[in-house]
Amino acid sequence: MDCATFPMHPKMDEQLARTFVINEEEEERHIQKVQNAFLYYGPYACQRLKRSMDYLNSLSGEDQVMLTKYRGHLECVRTCIDRNQAVIREILRGRVLYPTDEATGDPSEFDEPPPNVRHGDMDQAQSTLKLIARDWSTEGALEREQSYKPIIDSIVAYFKHSDIEQKEIKILVPGAGLGRLTYELACLGYSCEGNEFSYFMLIASNFVLNLCDYENKYVLYPWVHQYVNNLRREDQVAAVRFPDVCPLKNPPKGHFEIAAGDFLEVYKTPNAYNCVATCFFIDCANNVIDFIRTIYKILVPGGIWVNLGPLLYHFSDVSGQNSIEPAFEDLCIIMESVGFVIEKSRTGIRTKYAQNPSSMKQSEYQSLFWVCRKPDLFEEQRGKRKASREPHDLIVREDSEAEEEGEGEQQPERNETEEKQQLKPLATANCETEIKAQPS
């Protein structure tokens, strides 16, 4: 399939468009850096493997005899890394972003890290493989059930008796990642738009949505970088197949597109969406109030915001970045002060995020879940809002059998800090999936 570059996003005004053009060369350099990070995946991963092999070779002959099977396992790790790199080459085929003859096509040519590629970039490349497993493999089904089903069920329930045709209900999914939640909502018939900032995510999602032509076509080894907490050798080299569903063969019933760009810069048009769905997203802001205000602004009166996730606050300990970290009770005050009506809220939603199911170490969040509503015009005209069905000081845990007064919210911690990236156009899909571009 020929992959054409998309025009600038229609939401862009003239000033943004001019900025977009001015920064085009910088954007191209950034995209090339991300692609080079993917291409350097194999040599980078083998550096870690080499440390284990070198130390193993330095041990006494007696010790090495006892570690014969371990040596064979390390050779298997090397094979898995090579196979992952082969899939990455497929992901990058066609140069869907900025085709260029200057790009290095063979990762073996990198004797040293490519220019401007840092350890954080390489960590993101490795994490992307795990997120493919989370969103587009059978092995990720449990995590998707935990994170996406409460959001989908609430949206379906809210709009079940709506006078608006289902295909006219516009849903925005900021922080769309690999695109599975957006895709699932579009499959139900809603008009869905995902928004993503990270090029690592966008390149991988473009591959799954636009280039995978049948189910379970590719094999990845997402846990091959995990050298510790393995009960069996096979746990580190476990394979997953993707995609478990082929979007090209199973196009969604509703409109489906992915827009690339910074959420706060892209989405400024008031009263544009009937629903905003966020999953593991709101803690990606320096100032979470900016996210909440923007969500309120872009919702139509009577529209809802459905959220699930923890409060990691990605910039909390990042050098050179400012950050505020409000607790859940503070967020409730903020949401109601901005104008939202909190229809329901829950704590203690057990969720995992890109976890190796066979690892001896399992990290789990006690995530937050809420549904907020922007008051309709009738309520605004009367100068008052409908009382929340569940006051924000009534925190109901998922595992409670009855609604009781909550004793407080949990504050889980996430292990990873994800670096944001600047973005530009991606490519079309046969299933009417569009990936559009925004200025950084």
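Phe 263 is buried, at 3% relative accessibility (buried means under 20% relative accessible area, exposed over 50%, and partly exposed in between, with a 1.4 Å probe and protein chains only). The model here is a predicted one, so local features need pLDDT of at least 70 and side-chain atom pairs count only at pLDDT 80 or more, while totals for chains, interfaces and linings use all residues. Residues are numbered from 1 along each chain as its sequence is written, and side-chain values use heavy atoms, with hydrogens and water left out.

Back to the aromatics. The structure holds 19 aromatic pairs (rings of Phe, Tyr and Trp, the last by its six-membered ring, pair if their centres lie within 6.5 Å; planes under 30 degrees apart count as stacked, over 60 as edge-to-face and the rest as tilted). Take Trp 136 and Tyr 183: their ring centres are 5.6 Å apart and their planes sit at 55°, so this pair is tilted. Trp 136 belongs to helix 6 (residues 119–136) and Tyr 183 to helix 9, so the pair ties together parts that are 47 residues apart in sequence (helices, H or I of at least four residues, and strands, E of at least two, are DSSP runs numbered from the N terminus). Trp 136 is buried at 0% relative accessibility, and Tyr 183 is buried too, with a relative accessible area of 2%.

Phe 263 has its own ring partner: with Phe 281 it makes an edge-to-face aromatic pair, 5.6 Å centre to centre and 90° between the planes. This pair links distant parts of the chain, 18 residues apart, with Phe 263 in helix 12 (residues 263–266) and Phe 281 in the loop between strand 6 (273–279) and helix 13 (288–298). Phe 281 counts as buried at 8% relative accessibility. Both rings belong to one aromatic cluster, formed by Phe 263, Tyr 267, Tyr 273, Phe 281 and Phe 291.

Rings also turn up under charges. The charged end of Arg 48 sits over the ring of Tyr 227, 4.0 Å from its centre (that takes NZ of Lys or CZ of Arg within 6 Å of the ring centre and within 35 degrees of the ring normal). Likewise, the ring of Phe 280 has the charged end of Arg 134 over it, 5.6 Å from the ring centre.

As for charge pairs, the structure holds 15 salt bridges (a side-chain nitrogen of Lys or Arg within 4 Å of a carboxyl oxygen of Asp or Glu). In one of them, the side chains of Glu 184 and Arg 180 meet at 2.7 Å, N to O. These two residues are four apart in helix 9, which means about one helical turn separates them. Glu 184 is partly exposed, with a relative accessible area of 25%, whereas Arg 180 is buried at 5%. Elsewhere, Arg 232 meets Glu 234 in a salt bridge of 3.7 Å, N to O. Glu 234 is exposed, with a relative accessible area of 52%. Arg 232 also has a salt bridge with Asp 235, at 3.2 Å, N to O. Arg 232 itself counts as partly exposed at 40% relative accessibility, while Asp 235 is buried at 3%. Salt bridges that share partners also join Arg 144, Arg 180, Glu 184 and Asp 244 into one network.

Strand 1 (residues 170–174) and strand 2 run parallel and are joined by five bridges (strands pair if DSSP finds at least two bridges between them). Pro 174 stands opposite Asn 195 in strand 2. Strand 2 also runs parallel to strand 5 (residues 256–260), again with five bridges, and there Asn 195 stands opposite Ala 259.

Strand 2 (residues 191–196) is mostly covered, with six of its six residues buried. In a regular strand the side chains alternate between the two faces of the sheet. Here Ser 191, Glu 193 and Asn 195 point one way, and Cys 192, Gly 194 and Glu 196 the other.

Buried residues in helix 5 include His 73, Leu 74, Val 77 and Cys 80.
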